[in-house]
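Please open the structure in your viewer and keep the selection panel at hand. The stops below are meant to be followed in order.

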Amino acid sequence: MADDPAAKKTDTTTGGATRLWRRAAPAARRGLRAWRVRPGRGGRGLRGAAAAVRRSPGSATALWRVRTTVRDEPGTLARVCGALAAGGVDILTLQTHPLGDRTVDEFLLRTSEAAQPRELARLLSEAGGTDTWVERADAHDLVDTPTRVLNLATRAALDSAELPLALRALLGRCSIRSVPGDTPAEGSLEGTLLRLPDPAGGEIVVERHHVPFTPTEFARAHALVELDARLGRRTPGERHALTLPGGRAVTVRRADEGDLEAALAMHARCSKQTLTQRYHGPVKDADRYLRHLLSPRFGRTLAVESPAGELVALGHLLWDGDETEAALLVEDAWQRRGIGAALLRRLTDMAREARCESVYAVTRSSNTGMVAAMRGLGLPLDYQIEEGTLVVTATLAPAAVAPR
């Protein structure tokens with residue numbers, strides 16, 4: 001989830017205003033992957049649109065997530081399905097979302113690789129669909145809906161940090177943030193905005209600009225949040241050994257708010273320079289944000305313990321709206337031993353498993369250790385510098401998923 005308003009205002013976790021100018025490029029890339037057609041657009045006719053998306057035998061294929069709204073009356077869905085069949089489009093899955101006198105039909109479709117989203121959208125529009133939305137899908141979407149929902153519920157049941165990821169996987173591309181304050185008894189549906197009671201206190205706000213939420217989606221999201229509330233806080237207890245150069249071993253494990261005291265003690269052992277490089281703000285404020293950073297509502301945290309049981313490093317994977325930030329803090333006495341690089345690799349693997357498209361780190365150009373760790377990932381990197389702040393973004397390859 002995104003940082004809370006207090007953390008955003010003080011700019012201690014991510015470099016502050018750097019976030020704002022970084023969002024233009026990802027937004028543009030997302031815009032290229034989707035297409036929306038409203039009533040009255042187009043005009044080539046059903047046959048022309050069908051010919052444009054028709055898939056020839058043996059040709060390369062593409063997957064699409066598609067939504068279109070039709071009147072809730074006999075024959076409307078049949079006309080849409082008939083139009084898709086006429087275009088040689090395979091319907092892989094279909095869900096319906098009732099809206100009184102209308103129905104939102106949600107498809108997973110397979111077409112030729114050469115098919116254009118505007119042609120597919122026009123095909124549905126000419127068949128009677130309105131507010132049609134089309135975007136590229138991937139192999140993860142081949143899992144049927146009941147199986148996918150059960151998998152999401154299982155993941156959320158095992159780990160509190162999975163709730164924001166599960167909501168995003170359930171609802172599609174959206175931004176999720178946790179807002180402190182009074183916890184509402186019930187959530188609400190407001191078009192492109194969902195408000196859900198946060199079991200940790202306050203509320204969870206989910207926003208999806210490109211298409212409104214339906215009552216069916218609200219009910220599913222509310223059920224997932226209710227499951228999280230009933231189970232209470234959960235953090236996986238696995239511990240993994242990490243052997244450092246020279247043969248010394250440390251332990252890597254998940255951390256949460258229960259590690260606050262140990263994390264504060266590590267802060268006290270860190271130099272001013274180390275804390276400044278990590279938090280990009282006054283050192284005196286660093287302690288105030290540890291509870292926020294350790295909360296599973298805002299991401300996942302990995303802790304490194306010395307053989308004596310002291311916490312000597314923290315690695316955070318923070319859900320920043322629809323982006324993901326990686327941040328590291330290694331105690332001075334344990335730096336230059338490969339701990340930071342090992343943590344960053346594990347955080348990147350977590351981000352890939354969560355279907356994140358990229359991971360970025362906010363630092364200073366003088367922080368050669370963080371820059372070297374990002375380079376050590378062996379991934380395509382993008383560098384942006386503004387007012388002394390360096391943002392390094394690594395593009396992730398999607399994790400493999402077995403086809404259905």
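**Salt bridges, sheet and cores**

Begin by selecting R155, which is partly exposed, with a relative accessible area of 33%, where partly exposed lies between buried, under 20% relative accessible area, and exposed, over 50%, as computed with a 1.4 Å probe on protein chains only. R155 forms a salt bridge with E162, their closest N and O atoms being 2.7 Å apart; the term stands for a side-chain nitrogen of Lys or Arg within 4 Å of a carboxyl oxygen of Asp or Glu. E162 itself is buried, at a relative accessible area of 8%.

Before moving on, note that this is a predicted model, in which local features need pLDDT of at least 70 and side-chain atom pairs count only at pLDDT 80 or more, while totals for chains, interfaces and linings use all residues. Residues are numbered from 1 along each chain as its sequence is written, and side-chain values use heavy atoms, with hydrogens and water left out.

The structure holds 25 salt bridges. Select E113 and R136 next, a pair whose closest N and O atoms are 3.7 Å apart in a salt bridge. This pair links distant parts of the chain, with E113 in the loop between strand 4 (102–112) and helix 6 (117–126) and R136 in strand 5 (residues 130–136), 23 residues apart; helices (H or I, at least four residues) and strands (E, at least two) are DSSP runs, numbered from the N terminus. E113 is partly exposed at 36% relative accessibility, and R136 is partly exposed at 35%. Then select R67, E106, R208 and E217 together, which are linked in a network of salt bridges.

Now display the open sheet of 4 strands, whose order is 6-9-8-7 with antiparallel pairing; two strands count as paired if DSSP finds at least two bridges between them. Strand 6 (175–179) and strand 7 (188–190) stand at the edges with a single partner strand each, so one side of each is left without a neighbour in the sheet. Strand 6 pairs with strand 9 (residues 203–207) in the antiparallel sense over 5 bridges, and within that pairing S175 stands opposite E207. Helix 9 (residues 215–231) lies across strand 7, strand 8 (193–197) and strand 9, running at about 25 degrees to strand 8; here contact means heavy atoms within 4.5 Å, and axes are lines fitted to C-alpha atoms, for helices over the stretch in contact, with angles from 0 to 180 degrees between N-to-C directions.

Move along to strand 10 (residues 239–243), which is joined to strand 11 by 5 bridges and runs antiparallel to it. The two strands form a hairpin with 5 residues between them, and in the turn G246 has a positive phi of about 100 degrees. L242 stands opposite V250 in strand 11.

Finally, colour the largest nonpolar core, which has 36 residues, those with the most contacts inside it including V304, W334 and I339; such a core is a set of buried Ala, Val, Leu, Ile, Met, Phe, Trp, Tyr and Cys residues joined through side-chain atoms within 4.5 Å. Helix 13 gives the most to this core, with 7 residues. Centre on I339, which touches L244, V304, A313, V330 and W334, not counting residues up to four places away in sequence. A second, separate core of 18 residues includes L170, C174, V206 and F218.
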